[in-house]
Amino acid sequence: MLLSLFLAAAAPAQEPAPRPSERLERALSGLRAERRDLDVRPGRWDTRFTLPDIEQLLSDPVGLPDRSGQWREGLAAARGAGGLAAFAGALLPRATEPPRPGAAAAAQDALPEALAGLSGAAAKARPFLEQAMGSLAPEARRRLTDGFLRQLVHGPPERLEPELFELAARFDRAALLQALRHVAEAADRAAEGLLQAKPGRDAVAREQRIDGVTAIVGGPGDDAFSADELARAAIVIDLGGTNRYQGAPAAAGPGEIKVVLDLGTPVVESTGSVASGNFGIGLLLAPRAGPGARVRGGPFSLGAGLFGAGLLLVKGDRASLESGDFSQGAAAFGLGALDVDGELPVATATVSGQGFAYTAGVGLFRARGRGARLACGLVYPDPRDAVAALSLCQGVGYGPRAFAAGGFGLALVESDGAEVDGNYFAQGAGYWHGFGGFYFRGDRARIQSRRYGQGAGIHTALGAFEVAGNANRVLHWGVGPGFGWDWGTGWAAVRGDENRLYADWASGRGDVNGHGFLSVEGRGNLLRLGDAGTGALKRSAPSYGVVLLSGAANRFWAQRLSSAAPLGIAFQPSLWGAVEAEGEATLEPSLAVDGPSFRNMDREREEAGRADREWNAARLKDADALAPRARVPRWLFLSAEGGLDGRTPGEALTRLVSLPETEAALLPGLLSPERFDEFLFLRTVAAGYGRALAPSLSKAIASAGGLRKALLLSLLRSVPAQAAIPAALAAWRDRDWRVRRESIGVLGSLLDRELGEEPGRLAFLQEWLAVCRRPDAAAPLAPEAIERIGHKRLSDLFAALALDPKSGAGDRLELLTKVPDVFNPVNADGLNAFAAIWGRRPEDCRRALERELKESGAAEAKARERVLEAAKDPSPDLLPVALTALGQLGRAKDAAVIRAGLVHDSAIVREAAAMALGRLGKAGGDAIRAELSSSTAAVRALAVIAAAQSSDPDVFRLLARGFSDPDDSVRRAAIAAPFAAQVPTTRLRKEFVAELERLASSDSSLEIRNAAAHAAAAFR
């Protein structure tokens, strides 16, 4: 209801244009999908503190552009502290009542009325604040404050405990927001009444007691407020002048209400928590600041709320705002807001600010006025690259992955000539069930961030980035603008003329089951964006990337073209992505758009690395002295959370891969769904113990349930088939669909014969058997063998080593020194190191591999029976995994079952069926040939996709039949299909060049001519 009121007030009078969601639906239809097919299944994980609006959009990502626009207008329309409080309340699941602004006080009674109104509001608010406070004991409040500040204020990595969130769930946020409503509305009324009055007419006492509340009043001249006064007073009102605050104004601790209303120019030089609420409410309002207002605070400051509310509102030119971590509109389990209105504002913060929301928080940042200079998150180096800094700024909703959902982080900037700077996770980024929105209105601005930003949804989250204006420069490096990753969705929109957009990679793209949308409207815009309009098919589900262009004389970068060409109405650079245009646009191989520039962080990285090493080394030493049940989990934490310490995590990992079998049996017990980062390392470590781990793993699976059981099942992928397959078969009868899904996925993985760039397990073991049978088994691998082994990770090598009973910690340690990266594919040096280890005992290697291949074959019949049973389940959550598993088994007799999925109601199932046919390799050739002759164009297009993903050269070449198909949609799919080829078949793409050149010169469709020219240039 509240947002509807905001939107009604802001709605334009003219007939609305088609909604972005409507255009996205039209674009998806050309990609063989419907709106409902983009559901990212947010219920796959058990997540605390989810917010209904975010969960609904994760289930319906196409609605993100429309909903984001509503939130943008709602934030823009929110008036004063009361409006911001009410807007925030509407975003949280238990909203407070809408604001009910009262009449402004009469001019002659303004000051007494303001004092009475604020003290009365405090009296009304206090029972609600006490109710919120009373939901937790004092010791619990201290524990929550200390625990979460360690996460929110930058420092050495600390292990987050699930119990903190269970404790936080008791906090009564609704009561807090109700208390805030009373105080914020009264502050707005007091400010309005005083602004209409003539201040200073009557002398009043500086300090007063009103209804049990201490109030301090300053006159119209310059004043100074001591730290003692600020600590003592609940209400501070100053009537004008330049006013200096010697402590931390409006810093509200547990149970406190602090309101500072300054009608002059505030000057705050503090290292404390200015305008903040920690289990309290702190408001600082400066509605009539003269030029040069300055507010400096430390961490948790300038509009920060932690189980509380902190608001800072400054109206005046040349305001300077500076603060530390978790500030300037930052919140967790509450509200934080900063609103600055006036020309030439400057706002800088170190990290997690300017519209940052952690779990159950709403962080709001608004800056309005010409020439804004906004910078946040440029101080702390991020380990991922030399110019990376951790931001979490300017519209970021962040949930600690797998522990709890994120909140709403929104930033609205209205400014001509602005400069807005962020780095990693900035300017409209969502992480783990959070929403981050960045909204800009103005001309001639430079807006820059580096990675995971500008409308990026990462790990089941939502991000939105919207710019309205002319001649703006939108600069990024990668993963944005408009990017969805790992079940996330990102939306970026630029409206106006002569704007310049730049990104090196991953913009307007969806990947790993995420979706990315980008819209550009206006005239003369330049888009130099890498990967724009592309998607992918991974983990048995498609990811979509869509770019929408509207207007005249827009220019879109298509680097593979030899010359510029009119775009027409569509361009499809990917099987799961498209660029669609209304108006005139051109595709151009070269666009002169200056890219972003970032400061090198090498010095900061070195200093931070030393500090992290010192911290981690002390903890590692402490852990080493503990008993096994205590030290093993600490080693696991240190291996996963090293910060910028490049040494200690590796030392912890060496300890984990050197455990005696009695201690290795502890590993399954350490698996916790909340500790996902630790799980990634646990998965690699556990692979090294193979058969020895099977008894404790099977016992853990039998006693587990829900998501933990599903994750434990996933560890079976690295266990020998004789032990793993019975456990996976037994799990199929579980009531939880996630467990059943994983059980089928494990069966497919264990018996995977797929060839290609990431060979299946059995193909991988068969290749190593051939290596061990060489005359010199330890000799370096030939390039052809390295290609056949393909993209495999350290966990795959560990699991293979563990098949040999004589292999032990020494082999694992030797391999780890050559392959320290647990995430990326092993390079040639690592594979040769592995060959050298096994080459020292080739007979043992052969016996171990022959035994495993024999035992896997013996178990296949029962496993296949179970997979076929799963393939009868119509659910789009289970059926794609079952079809994928049949493709992995590689039996031609299963092609008929897979083919039935090509006509399923769900695009997820249809695309998975196509992928499964391709995974059959040569065994899928006859089925693909048959479907290429289908009477239905949609099925023929899927057959083309299936051929493109086959590792068999003859089957791969079948996709060329689509070049001559009479239906445009099939020809478009055939042209885009070779881009999805696997490494062994990519060299065959040059065989299509002549046919693509024919299409580029003679096809009746402009869109197909452009796509063919683009593909021909790529494959020459």
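The largest nonpolar core in this predicted model takes in 335 residues, and F148 and W768 touch the most other members. Helix 9 (residues 173-196) supplies the largest share of this core, at 12 residues. Apart from it lies another core, this one of 6 residues, including L475, Y502, W557 and L591. As a rule, nonpolar side chains in soluble globular proteins tend to be buried together.

**Around W768**

- Skip the neighbours within four places in sequence, and W768 is in contact with L781, I789, L831, F834, A835, W838, C845 and L849.
- W768 also takes part in a helix pairing: together with V771 and C772 in helix 20, W768 meets L831, F834, A835 and W838 in helix 24.
- Sorted by class, that contact between helix 20 and helix 24 has 7 nonpolar residues, with no polar and no charged ones.

**Helix 20 against helix 24**

- A pair of packed helices is described by the angle between the axes and the distance between them.
- For helix 20 (residues 761-772) and helix 24 (residues 828-839), the angle is about 60 degrees and the axes are 10 Å apart.
- That angle makes helix 20 oblique to helix 24.
- As for handedness, helix 20 passes helix 24 in a right-handed crossing.

**Helix 11 against helix 12**

- Helix 11 (residues 602-624) packs with helix 12 (residues 628-640) at an angle of about 160 degrees, and their axes are 9 Å apart.
- Angles over 145 degrees count as roughly antiparallel, so helix 11 and helix 12 are roughly antiparallel to each other.
- Their crossing is left-handed.
- On the helix 11 side, N616, R619, L620, A623 and D624 meet R631, R634, W635, F637 and L638 in helix 12.
- By class, this contact of helix 11 with helix 12 has 5 nonpolar, 1 polar and 4 charged residues.

**Backbone spots to check out**

- Most residues other than glycine have a negative phi, and most peptide bonds are trans.
- The peptide bond from G480 to P481 is cis, with omega near -5 degrees.
- You'll find P481 in the loop between strand 32 (473-475) and strand 33 (483-485).
- L344 isn't a glycine, yet has a positive phi, near 55 degrees.
- L344 sits in the loop between strand 16 (335-341) and strand 17 (346-349), and is partly exposed, with a relative accessible area of 24%.
- A506 has a positive phi too, near 55 degrees, and lies in the loop between strand 35 (500-503) and strand 36 (509-511).
- Buried means under 20% relative accessible area, so A506, at 3%, counts as buried.

Methods
Residues numbered from 1 in each chain as written. Predicted model: local features only at pLDDT ≥ 70, side-chain atom pairs only at ≥ 80, totals over all residues. Heavy atoms only, no water. Core = buried A, V, L, I, M, F, W, Y, C linked by side-chain atoms within 4.5 Å. Buried < 20%, exposed > 50% of the residue type's maximum accessible area, 1.4 Å probe, protein only. Helix = DSSP H or I, 4+ residues; strand = E, 2+ residues; numbered from the N terminus. Contact = heavy atoms within 4.5 Å. Axes fitted to C-alpha atoms, helices over the stretch in contact; angles between N-to-C directions. Parallel < 35°, antiparallel > 145°, perpendicular 65-115°, else oblique. Left-handed = near helix turned anticlockwise from the far one by under 90°. Nonpolar A, V, L, I, M, F, W, Y, C, P; charged D, E, K, R; others polar.
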